[in-house]
Amino acid sequence: MRAYLMFKEGAAGKPPLCADPDALMADLELRRILTQMSAGDDTVYDVCKDALLRPLQSVQAVEYRREVLKDALSNPDIVRRLYAICAAVDRVKGRFSPTARLAEPFKNALELLKTYLKMLRDLRAAVDNKLLNFKSEGFRKLVELLERELTDDHFNTVSDYLKEISNTDNILVSAKLGSHLHSVDYTLRRKEKGFWMRWLSAASFTADSERNPEEMADISNRQERAVSEASNILKWSALYLESFFNMLRNELAFFVGCLNLSEKIRGLGMPQCFPELLPPDSRERVWHGLYDVSLALTIDGPVVGNDLEVSGKNLYIITGANQGGKSTFLRSMGQAQLMAQSGMFVGAECFAAPVRRGLFTHFKREEDRNMQTGRLEEELSRMSAIVDKVARGSMVMLNESFSSTNEREGSEICRQVTKGLTDNGVEVFSVSHLYLYAASFLGDDTTQFLRAQRREDAARTFKILPGEPLETAYGEDLYRQIFTQAGRPLGDD
Amino acid sequence: MFYSILFPTREQHQQPRSSSEPDCFADLNLDQIFAPILTEDKGFGVSVKKGSDLESFFYTPLQDKDTIVYRQEVARELEDDGLRALIMAFVHKIKGIEEIVGEIRNAITSPLKWHDNFLVRGRLLEFTEKYSAAITELAEALSGLRLRSAGLRGFADYLASYIKSEEFIEMCAHARRLREKLSSVEYCMNIKFPTIRIRRYEGQEDLGGALLSAFSKFRQEDTEEYQSGGMSESQDYRTEATLLNMVAVVYEDIFADLDSFFDKYSGFDNDTILRFFREVQFYLSWQALIAPLKQKGLPFCYPAICADVSHLYSRDGFDMALAYMNRHKAEPVVTNDFTLTAPERILVITGPNQGGKTTFARAFGQMHYLAALGLCVPGREAALYLFDKILTHFEREEDLSTLSGKLQDDLIRLRDIMDKATERSIVIVNEIFGSTTFKDASALGRRMMKALSKLEAPALVVTFIDELAVFGPETVSMMSTVSEEDPARRTFKILRKPPDGLAYAMCLATKHGLAYEQISGRLAQ
């Protein structure tokens, strides 16, 4: 019994996890986005994280989930209500945990199961609503499932069994002979018709409390064990239900996360759109107003977006001013790719991109304190780990790669790596200030050059526009800016 | 007649054995090597533990070549995965049987009458079944193999005639008949404290099953399925016996047959087979220990055992303790060779520190020790010395606190070694005289070398004093080396070459970036 909100074919449709999730989380600043989506709910966080880091591999899979998301966006209350019922599992389980009421494990197990049954009834009631307006296959299947399985008949049968198992003072158990003839395979049995008459004449043994306290203890122990097996059966029944609630919770969590994020973005006055996904072999990309969602959430306000329409490119080299928005641009592109392939809306007015097999990031690691291997060696080994896992149809983002050595060496290594990737069907976005590297691709018509802009007053616009690499860097800008702000002009050196 | 899988004859088996670690154990890190077998529970699935009577076999290097070869043949044969799996399966099945048989015998001879009850009889039946099944299975499997080693062949023959004996065949048949009848028994208990009633089971419906099936449709694939909470465990033994008596009344004939089985077969076990069960674990535990190393591609071999020093050698040997410690690491284990061809007898190792000298010394000692246990040793190929003892002098950490007394201590220990050593001993001296002046050290070192030369036994000396490496025709000079491209990097290769103190100095300079090329490279920036 399962829901099919995330995948048409259930968990079998789950695509593989991106190769280095930790790097993606850090490099694309996904944490902030996920925190917003989760609104403090760990399950929502984990499920959304998993969805983002498992990019769907076909346009159909994306569209299937997107239809479910559209339903959620137009029925937010019912989706949140269903989620809340399932999410109560944690709280309920805690209330009846063995430590909460140590004295009465049987009663505990019984009460827990009864509470779960109540939650099942709530689920049934929640979808018993004439105003439901679900159009997607995923949500329609779910409603159908709840209506079919949660019938009154089922609830009645279950309550008969519960009554019988509650009679713990008169128990019937069957047993067989084990390997050394000890009793095994104890099974609780329902008492047959005419039970008492038939059993009157049975061989019996009554413990004698005075002569032999061990015997008393044993029989009481056998009774306890039978009751504890009854608790065990109740516990397992509850576990089955719990697994169902958790399954449903996990299926709903992603859409609750999307609701939370969508509402927040709208509140910030920033655009969101459902992207157009192109087949994997397409070399077209369109973006208008593409912005870094995580940055917008951080400054809690609008941020600058970028625009471009290109085709026939598989390498994007981004150069230009320091702190000109290059990393931000890379992040916005990476976020949009992952969000698009998880069936979400993206942070843009308009976005079209090919489906990508996987996403890899190779960002400069300034904070890396582990200098034992040396920076370049560290960069090389990280790149080699990417090359180990990258496959045709993937997308790799380089951010200031191989800048830990001199420009000539760095450029040559970076050029060879980049060319090795693009010539083998991998799309590359590369931010670099290595001029020799960038210039080596001049005149190649599958390369799109982009440049972080600078206005005459030296203030950054944070716009990334088409433009070939310039041979000067903008470090001087930064220098001037910092010294000016500090009230300490350059001096006259 | 077969007696033991560790010794060709009963007499050899009864020679005295050492019950504690030999002196060289700690210095050679043999304690680390055997720790997973003797002290840790590494899940080797065998019961060689400290305190078990198997322990002494690991502490007693053999001095007679026949027994070593007897063991080598068995061990080599047991390298076959199929055969080993067979024996391992047997060991698992027989495990614990000795204790159980003891308990059964105690119960029936107990002065308390109720101790002898149907549960005890049931237990005997159970272990008769396990034991005969394990033995039959092994005997049949072994009979289909062409065994080469005298030990395993002897055991297989023994087993083959054992299972053909009339008594064994009759016992198996009786057990089978009896078990069939017993497993048809199923009864119901009605528990109404403090009374239990017993009747035959008559098809009453499973209550828990009914409830679970009403909920099973909710179970998700990744959620486990119901497991019984184990209702029938840890009962009061005596009450269980009483209830079983009630069941025995309901099923009278079956339990009478159980009585007659018990009377006939209460002494079903066989000493020779149980001895094999214990002793074969000597080999199995070693194979399990080295399995991860072999998997990593490290070579092991059965060395030729030499009674004289005319030609000793090893190819691609390594420190087993270090290799085991690093067994999960990707980097390859460095292997080394040595050769001693008469008149050479003494290996003298010099070269950069942390270059693998001590490791080499340990490996040298370890392979000799392991060879004398009859086990395979690290290396592709080897010819090793049949020694009476291994005498070692390694710097001990606790010595550092009493630095002043250290030279004295060194000398006392050296004297002890020389006192004990015979021409059949192996002497390993690692970094001696480090606490005194170079002049002192080299003078004392020369004295030591002279003594070792006279001894006519193989020896290995690790030293920082170059001249000891060219002491005489007995000495072979070997050096720890550094990489040619990157002098700061140790290769851990110990090569046969003349001592070269300069290389060591250059290595230090390189480590600090002060070699000529490095300096010019820096200045060029």
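Me: Where does T187(A) lie?
Reply: T187(A) lies in strand β2 (residues 183-188) of chain A; helices (H or I, at least four residues) and strands (E, at least two) are DSSP runs, numbered from the N terminus. This is a predicted model, in which local features need pLDDT of at least 70, side-chain atom pairs count only at pLDDT 80 or more, and totals for chains, interfaces and linings use all residues. Residues are numbered from 1 along each chain as its sequence is written, chains are lettered from A and ligands numbered from 1 in the order in which they are written, and side-chain values use heavy atoms, with hydrogens and water left out.

Me: Is T187(A) buried or exposed?
Reply: T187(A) is buried, at a relative accessible area of 19%. Buried means under 20% relative accessible area, exposed over 50%, and partly exposed in between (1.4 Å probe, protein chains only).

Me: What lies 3.1 Å from a polar atom of its side chain?
Reply: The backbone oxygen of D185(A) lies 3.1 Å from a polar atom of the T187(A) side chain. A polar contact is a pair of N or O atoms within 3.5 Å; within protein, one must be able to donate a hydrogen and the other to accept it, and residues adjacent in sequence count only if both atoms are side-chain atoms.

Me: Which residue forms a salt bridge with R249(A)?
Reply: The partner of R249(A) is D90(A), with the closest N and O atoms 3.0 Å apart. This pair links distant parts of the chain, 159 residues apart: R249(A) is in helix α10 (residues 213-268) of chain A and D90(A) in helix α5 (residues 76-95) of chain A. R249(A) is buried, with a relative accessible area of 6%, while D90(A) is partly exposed at 42%.

Me: And what does K181(B) pair with?
Reply: K181(B) forms a salt bridge with D257(B), the closest N and O atoms being 3.0 Å apart. The two residues are 76 apart, K181(B) in helix α10 (residues 166-182) of chain B and D257(B) in helix α13 (residues 252-265) of chain B. K181(B) counts as partly exposed at 34% relative accessibility, and D257(B) is buried at 15%.

Me: Which residues are linked in a network of salt bridges?
Reply: Such a network links E192(A), R198(A), R199(B) and E202(B).

Me: On to rings: why is the pair F338(B) and F364(B) classed as it is?
Reply: The planes are at 70 degrees and the ring centres 5.1 Å apart, so the pair is edge-to-face. Rings of Phe, Tyr and Trp (its six-membered ring) pair if their centres lie within 6.5 Å; planes under 30 degrees apart count as stacked, over 60 as edge-to-face and the rest as tilted. F338(B) belongs to strand β6 (residues 336-341) of chain B and F364(B) to helix α16 (residues 357-373) of chain B, 26 residues apart. Both F338(B) and F364(B) are buried.

Me: How many aromatic pairs are there over all chains?
Reply: The count over all chains is 32 aromatic pairs.

Note on methods:
A salt bridge is a side-chain nitrogen of Lys or Arg within 4 Å of a carboxyl oxygen of Asp or Glu.
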